[in-house]
Amino acid sequence: MKTQVAIIGAGPAGLLLGHLLRAEGIEVVVIERAAPDYVLGRIRAGVLERTTTDLMDRLGLGARMHAEGLPHDGFHLADGERLIRIDIEALTGKKVMVYGQTEVTRDLMEAAPERGLEIIYEAGDVALHAVDSDAPYVTYSKDGVTYRIDAQFFCGCDGFHGPSRKAVPASVAKAYEKVYPFGWLGILADVPPCHHELIYANHDRGFALASMRSESRSRYYIQVPLDEKIEEWPDDRLWDELATRLGPEAAANMTRGPALEKSIAPLRSFVFEPMRYGRLMLAGDSAHIVPPTGAKGLNLAASDVHYLSEALIGYFKRGYADAVAGYSDKALARVWKSERFSWQLTKLMHRFPDGDAFDRRMQVAELDYIASSHAAQTTIAENYVGLSL
Ligand code: RFL
Ligand code: PHB
């Protein structure tokens, strides 16, 4: 088979990119290892920046998001005693949208057939070949048969563990990484949220986050040691811990219920450079990871896809032979700023096992400064709603 663009991975990055290119009449095939239900079963991001919602709107796929999503104009940092409200709407003129990654993915997936976006699910052994030549191709197997797709460009949207990044030779690449000494234990439950806005809490016993998916579905997280076992956290223990860490105001309004999903995710910061090698471009988690504290992962995937779609549309529709040359530098400039924000908020809000009394005083002083400074709150709000493209 021949196509103009082959996209590896049908997560949010791959699906968004596929739709943006199809909308311009570019030939696209998306190759995904998993089955659709598996992709939809992953409970991940919950907060969308304006840049991400704008992309859904541009595709004409934002109707359900606007009907069911919750626009938020603020969130809270809690320091054990008080809630510090960051009024993002007053400080930036913009809001964020609380709408789950699962729903974004579902909207993109369901619109694929009517828009002629071909997605091959359950493709095994995906391998990229000759990406630095003028005739790259990808092979995969399905139902015992091996297939080959020749394409002019490959977009690696296959997440942190996918094969695309590994197709870039080590001699031209550099990876930057920080692994944090803790993870997040998350719980999803069909109960009303304890607060109408998100609360990020720094408590003596560790970080906690109160988030939501809707007015009747809550998502909470607590910081746990990396070797923690999920079996050690029956629902009751987890609700007790959340009530303690989030503080009395949230605890008083917290409704408990059985977990629909419970999982532990490690936290890491990771950037891979460059994001283009020959005819292969990386986008989303395949090129970078942020700790979830800033709610930036999915949003960065969307901004990469914005730059990448512009580049490919420039190449195919406007005849700019060099259109993809600037993609890596453009995307990385925004990636590093989101990495910085996510790292800083992670350092501010978590208890580090090797942290000393001085480190703790620095956190207290910074939270106190944020509580009293319009400038500090503006900086946080500007980053949280998303830097301009
Ligand atoms: P994905 O979503 O990992 O999708 C990659 C796709 O590639 C497929 N794949 C392959 N396909 C073919 N061949 C192979 N060999 C393949 N290997 C993999 C996979 O099956 C999958 O379908 O990457 P993408 O599209 O770059 O999207 C990135 C986001 O998923 C991620 O950044 C966010 O979920 C991060 N994140 C958050 N981001 C936000 O913007 N706001 C948030 O509030 C937020 N909260 C979170 C998060 C991530 C979390 N976890 C569990 C990592 C909260 C959590 C707990
Ligand atoms: C979520 O609702 O899953 C969520 C919200 C905000 C974050 C991270 C995760 O910073």
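Strand β9 (residues 124-129) pairs with β10 in the antiparallel sense over four bridges, where strands are DSSP runs of E with at least two residues, helices are runs of H or I with at least four residues, both are numbered from the N terminus, and two strands count as paired if DSSP finds at least two bridges between them. This is a predicted model, in which local features need pLDDT of at least 70 and side-chain atom pairs count only at pLDDT 80 or more, while totals for chains, interfaces and linings use all residues. Residues are numbered from 1 along each chain as its sequence is written, chains are lettered from A and ligands numbered from 1 in the order in which they are written, and side-chain values use heavy atoms, with hydrogens and water left out.

D143, in the loop between β10 (137-142) and β11 (145-156), is exposed, with a relative accessible area of 74%; exposed means over 50%, buried means under 20% and partly exposed lies in between, for a 1.4 Å probe and protein chains only.

Most residues other than glycine have a negative phi, and most peptide bonds are trans. A295 has a positive phi of about 60 degrees although it is not a glycine. The place of A295 is in the loop between β19 and α9 (297-318), and A295 is buried, at 18% relative accessible area. The peptide bond from E273 to P274 is cis, with omega near -5 degrees, and P274 lies in the loop between β16 (259-273) and β17 (276-277).

## The two open sheets

Strands of a sheet pair through backbone hydrogen bonds, either parallel or antiparallel. An open sheet of eight strands has the order β6-β5-β13-β14-β15-β12-β16-β19, with mixed pairing. Strands β6 (83-86) and β19 (288-289) stand at its edges, each with a single partner strand, so one side of each is left without a neighbour in the sheet. Inside this order, β13 (residues 199-203) and β14 (residues 206-214) pair in the antiparallel sense over five bridges, and A201 stands opposite A208 in β14.

Two helices lie against this sheet. Helix α11 lies across β5 (75-78), β6 and β13 and runs at about 50 degrees to β6, and helix α12 (residues 374-385) packs on the sheet, touching β5, β6 and β13, with a direction that makes about 60 degrees with that of β6. Contact here means heavy atoms within 4.5 Å; axes are lines fitted to C-alpha atoms, for helices over the stretch in contact, and angles run from 0 to 180 degrees between N-to-C directions.

A further open sheet has three strands in the order β3-β7-β4, with antiparallel pairing. Its edge strands are β3 (47-48) and β4 (70-72), each of which pairs on one side only. Two bridges link β3 to β7 (residues 96-98), and the bridge partner of V47 in β7 is V98.

| Antiparallel pair | Number of bridges |
|---|---|
| β9 and β10 | four bridges |
| β13 and β14 | five bridges |
| β3 and β7 | two bridges |

## Two buried residues

N383 is found in helix α12 and is buried, with a relative accessible area of 6%. Leaving aside its neighbours within four places in sequence, N383 is in contact with E49, K296, R340 and F341. I26 lies in the loop between α1 (12-22) and β2 (28-31) and counts as buried at 1% relative accessibility. With neighbours within four places in sequence again left aside, the contacts of I26 are Q4, V5, L21, L312, I313, F316 and K317.

## The second largest pocket

About 330 Å³ of space lies in the second largest pocket, and elements giving two or more residues to its lining are α10 (327-349) and α11 (357-372). Helix α11 gives the most, with five residues. The lining has 14 residues, of which K347, F352, D359, R360 and Q363 lie nearest the centre of the pocket. That lining divides into three nonpolar, four polar and seven charged residues, where Ala, Val, Leu, Ile, Met, Phe, Trp, Tyr, Cys and Pro count as nonpolar, Asp, Glu, Lys and Arg as charged, and the others, Gly among them, as polar. A pocket is an open set of points, on a 1 Å grid over the protein atoms alone, where a 1.4 Å probe fits, with protein on both sides within 12 Å along at least five of seven lines, and lining residues have an atom within 4 Å of a point. Grid points are joined across faces, edges and corners, and a volume is the space filled by probe spheres set on the points.
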